[in-house]
Amino acid sequence: MNTNWEEERKRVIGLGANSFKKNYYPELQLKSLELEAAFANLQTVFNSTSDGIVIHDKEGHIFSLNKPAQDLFNVDESEKDRYNLLEIIPDCESYDNMLSLWESIVAGKSQIIQCVITQAETGTLIDVQVSISQVSWYGKDALVAVIRDFSEQLRYEKQLIVAKEHA
């Protein structure tokens with residue numbers, strides 16, 4: 001019985017001819033490469049959208065932000081820990097009930113909020129829609145804010161209204 005135990009011990013720790021490490025290492029290595037490729041693909045998609053995407057906790061601490069969000073707020077991914085989403089996106093003046101909106105978001109209900117924010121680098125005022133939903137980020141409860149610039153759409157709508165008034 002001791003002989004079988006010793007052989008099993010060697011197999012488990014990778015010393016025997018039929019060791020787990022020798023048999024499974026190539027499969028683990030392949031799975032690791034597949035996961036790295038999947039992560040790289042997701043990063044490409046994450047950064048290729050024209051909308052800003054910010055992943056943050058319920059207090060606004062930023063976990064990650066894509067390239068358009070970095071450009072909008074002039075925040076580098078490596079500096080994200082110094083910023084809070086609730087500070088760089090001010091309370092929307094059009095909502096007197098911002099606290100109740102935030103509570104409903106934290107409770108799991110997605111919300112779309114319209115705001116005017118200042119583009120950090122140029123100081124330009126930008127009309128945005130911020131869609132906030134709950135997600136899981138590396139196993140943690142988190143929120144995702146998708147920030148869409150709709151300034152051009154609003155300008156176009158105003159031009160249509162003016163054109164109809166003068167027609």
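Helices in this predicted model are DSSP runs of at least four residues, numbered from the N terminus. Helix H2 covers residues 20-48 and contains both Lys 31 and Glu 34, which sit three residues apart, about one turn of the helix. Their side chains form a salt bridge with an N to O distance of 3.7 Å. Lys 31 is exposed, at 52% relative accessibility, while Glu 34 is partly exposed at 41%.

The salt bridge between Asp 51 and Arg 148 has an N to O distance of 2.6 Å. Asp 51 belongs to the loop between H2 and strand E1 (52-56) and Arg 148 to strand E5, so this pair ties together parts that are 97 residues apart in sequence. Asp 51 is buried, with a relative accessible area of 9%, whereas Arg 148 is partly exposed at 44%. The whole structure has six salt bridges.

In soluble globular proteins, nonpolar side chains tend to be buried together. Here the largest nonpolar core comprises 22 residues, and those with the most contacts inside it are Val 54, Phe 73, Ile 89, Ile 117, Ile 132 and Ile 147. Elements that each supply at least two of its residues include helix H5 (98-106), strand E3 (111-118) and strand E5 (140-149). Strand E4 gives the largest share, four residues. Another core, of five residues, lies apart from this one; among its members are Phe 46, Ile 53, Ile 55 and Ala 142.

Terms used. Residues numbered from 1 in each chain as written. Predicted model: local features only at pLDDT ≥ 70, side-chain atom pairs only at ≥ 80, totals over all residues. Heavy atoms only, no water. Core = buried A, V, L, I, M, F, W, Y, C linked by side-chain atoms within 4.5 Å. Buried < 20%, exposed > 50% of the residue type's maximum accessible area, 1.4 Å probe, protein only. Salt bridge = Lys/Arg side-chain N within 4 Å of Asp/Glu carboxyl O.
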